[in-house]
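Subject: Structure handover

Dear colleague,

Here is the structure for your files. My notes on it follow below.

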Amino acid sequence: MSALDLASAVRSGERSAVDVIDEHLARIDARDGEINAFNLVTADAAREAAAAIDAAVASGKDPGPLAGVPIAIKDNMCTTGVATTCSSKILEGWEPPYDATVVQRVVAAGAVMVGKTNLDEFAMGSSTENSAFGPTKNPLDTTRVPGGSSGGSAAAVAADFAPLSLGSDTGGSIRQPAAFCGLVGMKPTYGAVSRSGLIAFGSSLDQIGPFSKTVAESAALLEAIGGHDPLDSTSIDQPAFDLTSVLDRGVEGMRIGILRELSGGEGGVEGLSADVIARTNEAAAALEKAGATVVEVSVPSATLGLSAYYLVAPAEASSNLSRFDGVRYGLRVDASTTGEMMTATRTAGFGPEVKRRIMLGTYALSAGYYDAFYGKALKVRTMMLQEFASVYAEVDLLLTPTAPTTAFPLGDRTADPMTMYVNDVCTIPSNLVGHPAISVPFGVGDDGLPVGVQLLGPALSEPTIYQAAAALEAAAPGEGSLS
Amino acid sequence: MEWSGAVSLGAMTQRITRDEVVHVARLARLSLSDAEIDEFTGQLGDILEHAADIEALDVGDVEPTSHPLPMVNVLRPDELRPALDRDLLLSQAPDAEDGQFRVPPILGEEP
C-alpha cells in the first residue's frame, strides 16, 4: 500500500495508525536482521506517536497529509533524545538536544518515525559498507550493496519496512541507492530543503531528499519537508513546492536533452555499462513518444565533476569534522593533555574512509596546494554553472543514467577507493552546481537488477522535474524482476 | 573500472610523499600506524592523480564558486529567542564541571 493510500485510510478512520505501524514493525522484526537497514528501531515511540494520530482522528482533527505513514530517517539527521550516530563510533552515546527541521516537518505532516537508518560513516561512500555497524544489504539481492551513502534509507523502503524515508545527497547519496534498489530518489535544489539538524559533510553540496517507490509519494514527501527555514541561512526564502498537482501534466512540448558526456557519448566519461546506456536511450525514446522533443546536448566540464568533487567535498569535510574532538559530545579517549586526547579520540572514533577524506581535504587546503587543487576545483564549479546555464537556454531538462552500473556485489569495490568513487560520476555535477535531480527506475540491467535514469533541471525546476518523472514512470517497462 | 575525462590529463609533476602524509595527519589530529601511512600515501596519490585533469586545467580568470546560491548577508531580526538549555548540552559532554566543558591540561603542550 502506498504512503498516500495509507494516509488517506488513516485520515478517514478506515485503518488505525497503530495497526499500520505494527504491520511495518513486524516486517522489520522479521527481516532487518538480514538486511541491516536500521541502526535503531524506535518501536515504542512509533506506537505512541501512532496512538496520538488515532486519537486525533477520533476527535475530528486532521493529523496531516502523511497521517500515520511510517518513515525511516537517515542516521545523520538529529532526533531529540534518540541516538544519532552517522554510523560512526565517534558519536557513541550521543543523543541530540533538538530535531532536524525535516524531522519536525514530517512529524507535523503526520508521519511516524520507525527508526534511524544505516549509512556510510558520515555519508562518505557509495555502498553503505563504510559503516561502524556493518554493511546494509540490498533487499532485492542480498549479495549486492544497496548503494550509498543513504543505503539504509533505500533498503528500508525497498524491503517495505516503511513506504517513505529521508536521505541526504552530497554527491549522489540519494539518487544512486535509489537506482540500485529500484526506487525514486530526489536531490532537491540546494537551499530548497533545510539542512538544520543534518550533520554536515560538505556544506555547499549537502541536501536532504525523499526516497519512495513512486513519483507521487516522492512529490508528497518533498512538499512536506521543503520551504524556507530561518534556522538554515542557506535556505531559499520561498514557500514549499506545489508538486503533487503537476504530476499528470505530461511532457507534451517539453524539451529534454540527453547529456552526452554522462550518457555514453563520445568524449564523455567512460565506464558506463552498455545495459545502463541502453535503458537511458529507451527512456529518452519513451519521453519522445510521450510528446517531448529530445535532443543531444553537451556540458564539456561535466567530465571534470568527479575530480572537482573529490577535492571540494573532502576539503569541506575536513573542516566540518574538526568539531569531533572529544570535548563537547560523543566519544572521548582519555589522554594526559587535551591535544593528545583529541588525536586519540579522532584516531579511535573515525573509520578508514573518513580518515582518508579528512586527509585528502586537509592536503587540498594546505599551504602550497590550495591554488592547484581546491582553488581550481572552485573555478570548475563556475565553468559548470555557466555551461549548464547555456544548455538550459535550449532545453527544459537533461537526461542521464543515475549510476554507471546496477548494484554491485558486496565487497567488490572496497579495496581501491577510486573504483568506489567513480560510482558518483553521473550524480556529482548536480551537487556542484546546486541543481535538482531525480532518479527514476527504468527497467532492469542484464543481471535483472534495476536501472535508474536521472532527470536534471536548473535551480528550482522541481515542478518540471516531477512532471517529467511521472511521465517516465508511466512509460517504464514493468516492475523490476526482483521487486 | 577506468575513469578518464575528455580533457587531456596532464601528468602530476610529483606524487604526494610519505612525509607529507605524516604532516597532514598531524594537522588533522590523526595518529596513523606505519602501515596506514603507506596505504594513504598510495591511495591519496592515486586520487590526486585523477585530479590531475583539474590541476592541468587553464582556468584563466574564471571566478571561483564556493557556494551554488547567490546569497549574501542573510540576517535575522536582532531579537532575543530561546536557546538550548546549558545543562542539557553539558549532559552530552564526555566531561563537564561547573557549567563548563572539562578537558585535560592544555598548558605545556606543543602547539
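Strand 2 (residues 70–74) and strand 4 (residues 164–169) of chain A run parallel and are joined by three bridges; two strands pair if DSSP finds at least two bridges between them. A:A72 has A:S165 in strand 4 of chain A as its bridge partner. Helices (H or I, at least four residues) and strands (E, at least two) are DSSP runs, numbered from the N terminus.

This is a predicted model, in which local features need pLDDT of at least 70 and side-chain atom pairs count only at pLDDT 80 or more, while totals for chains, interfaces and linings use all residues. Residues are numbered from 1 along each chain as its sequence is written, and chains are lettered from A and ligands numbered from 1 in the order in which they are written.

The sheet

Eleven strands of chain A form an open sheet with mixed pairing, in the order 1-3-2-4-6-5-10-11-9-7-8. Strand 1 (38–41) and strand 8 (293–297) of chain A are at the edges with a single partner strand each, so one side of each has no neighbour in the sheet. On average, neighbouring strands of this sheet are turned by 30° against each other, direction ignored.

Strand 10 of chain A is antiparallel to strand 5 (residues 184–187) of chain A, with three bridges between them. Here A:G185 stands opposite A:S439 in strand 10 of chain A. Six bridges join strand 10 to strand 11 of chain A, also antiparallel, and A:V440 has A:V453 in strand 11 of chain A as its bridge partner. The hairpin of these two strands has five residues between them, and in it A:G448 takes a positive phi near 80°. Eight of the eight residues of strand 10 of chain A are buried, so this strand is largely enclosed by the rest of the structure. A residue is buried if 20 or more other C-beta atoms lie within 10 Å of its own, exposed if 12 or fewer, and partly exposed in between, with C-beta atoms placed from the backbone.

Helix 8 (residues 274–289) of chain A lies across strands 7 (255–259), 8, 9 (397–401), 10 (437–444) and 11 (450–456) of chain A, and runs at about 150° to strand 9 of chain A. Axes are lines fitted to C-alpha atoms, for helices over the stretch in contact, and angles run from 0 to 180 degrees between N-to-C directions. Contact means that the C-beta atoms of two residues, placed from the backbone, lie within 7 Å.

In helix 11 (residues 352–365) of chain A, 13 of the 14 residues are buried, so that helix is largely enclosed by the rest of the structure.

The largest nonpolar core has 179 residues, and those with the most contacts inside it include A:I71, A:V112 and A:L287. Such a core is a set of buried Ala, Val, Leu, Ile, Met, Phe, Trp, Tyr and Cys residues joined through C-beta atoms within 7 Å. Helix 9 (residues 305–320) of chain A gives the most to this core, nine residues.

Chain B

Chain B has four helices and two strands, in the order α-α-α-α-β-β from the N terminus on. Of its 111 residues, 19% count as buried. In all, 51 residues of chain B are in contact with 67 residues of chain A. Helix 2 of chain B gives the most to the side of chain B that touches chain A, with six residues.

Regards
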